[in-house]
Amino acid sequence: MKHFVMITGASEGLGKSFAIESAKKGMDLFLVSLPNSGLPNLCKLIETNFNVFVDCMELDLMEDQNCIQLLNYVKTKKYPVTFLINNAGIGGNYQFSDENFDVFNRMIQLNIKALTCVTHGMIEILAHQTESYILNVSSIIIFFEGPFKQVYGATKSFIKYFSQSLGIELEDRNIHVSVLCPGGINSNIRQARVLNNCNMIQKISILDPEQVAAEAIENTLKRQKIIIPGKVANLYFYCSMLFPKQLKKFLIKSNNSKLMIAIKP
């Protein structure tokens, strides 16, 4: 079966790796990202190196009207999307009481509202295909509550609950929903610098975006519901479930505090 994949947040990091990995597998592409993020150049790169169709659209999904514009464009073009990857999102480490609320509002708008809007609008298209897939990008952080990531972690927890519940709802329509919960990803130079301050176990579990994308796509097509890429990350996750509650709390608080220090100018 030849897939037509739509990827949000596709211009860099994990999203770019999703695009290239999909092209390697012969999938046609419709890529979405922020204006002036280099998306046309990525399209040219893919067209030059892979024998697939590729189109793109640059807009800010934090704006409700842009989500509607995106959906209308896909429907007007009659793109037969069989694979939706909701990758667009923002995160960060913030002292909740000290940060401007606009930071959290933007996070909620993109990580929750835009993802929900795009998914809702795409169901009609996905349901017309013989078989289709949705991959929503969450984070392994949802299993490790801690300071300075309170809103980010909450938005990613929403994505997991939403994905699993929607998956049950769509089973009879042959739409398969997976949620990706990766650990640290060396998605850019700034992220690599921050992750360098993690504890040793987390450092050795850090993956390159190419590996995460490859595992995520492969396991989504295998209909795996929750995907935690990387053997070390999986081992760390399952072992952490055995930690005493207070020890787990101490380790997470200590690590998150180091990350906060690392990102300060």
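Reader: Which hand does the crossing of α3 and α4 have?

Author: Please bear in mind that this is a predicted model. The crossing of α3 and α4 is right-handed.

Reader: At what angle do the axes of α3 and α4 cross, and within what distance do they come?

Author: Helix α3 covers residues 64-77, and helix α4 covers residues 101-127. Their axes come within 10 Å and cross at roughly 25°. Angles under 35 degrees count as roughly parallel. The helices α3 and α4 are therefore roughly parallel to each other.

Reader: Which residues make the contact between α3 and α4?

Author: From α3 the contact takes Asp64, Cys67, Leu70, Leu71, Val74 and Lys75. From α4 it takes Gln109, Lys113, Ala114, Cys117, Val118, Gly121, Met122, Glu124 and Ile125. Sorted by class, the residues of this contact are nine nonpolar, two polar and four charged.

Reader: How do the axes of α1 and α8 cross?

Author: One again considers distance, angle and hand. Helix α1 (residues 13-24) and helix α8 (residues 209-221) have axes that come within 8 Å and cross at roughly 55°. In hand, the crossing of α1 with α8 is right-handed.

Reader: Which residues of α1 and α8 meet?

Author: On the α1 side they are Gly13, Leu14, Ser17, Phe18, Glu21 and Ser22. Their partners in α8 are Pro209, Glu210, Val212, Ala213, Ala214, Ala216 and Ile217. This contact has eight nonpolar, three polar and two charged residues.

Reader: What is the volume of the second largest pocket, and which residues lie nearest its centre?

Author: A pocket is described by its volume and its lining. The volume here is about 160 Å³. Of the 11 lining residues, Gly13, Lys16, Ser17, Ile20 and Glu210 lie nearest the centre of the second largest pocket. Both α1 and α8 supply at least two residues each to this lining, and α1 gives the most, with six. By class, the lining of the second largest pocket has two nonpolar, four polar and five charged residues.

Reader: How many cavities of 30 Å³ or more does a search of the whole structure find?

Author: The search finds three. The largest cavity has a volume of about 40 Å³.

Reader: Which residues line the largest cavity, and which helix gives the largest share?

Author: The lining of the largest cavity consists of Thr8, Leu61, Asn86, Ala88, Leu110, Ala114, Leu115 and Val118. Helix α4 gives the largest share, four residues. Two residues of this lining, Ala114 and Val118, also belong to the contact of α4 with α3. By class, the lining of the largest cavity has six nonpolar, two polar and no charged residues.

Notes: Residues numbered from 1 in each chain as written. Predicted model: local features only at pLDDT ≥ 70, side-chain atom pairs only at ≥ 80, totals over all residues. Heavy atoms only, no water. Axes fitted to C-alpha atoms, helices over the stretch in contact; angles between N-to-C directions. Left-handed = near helix turned anticlockwise from the far one by under 90°. Contact = heavy atoms within 4.5 Å. Nonpolar A, V, L, I, M, F, W, Y, C, P; charged D, E, K, R; others polar. 1 Å grid on protein atoms, 1.4 Å probe; cavity = no way out; pocket = protein on both sides within 12 Å on 5 of 7 lines; lining within 4 Å. Points joined across faces, edges and corners; volume = space filled by probe spheres on them. Parallel < 35°, antiparallel > 145°, perpendicular 65-115°, else oblique.
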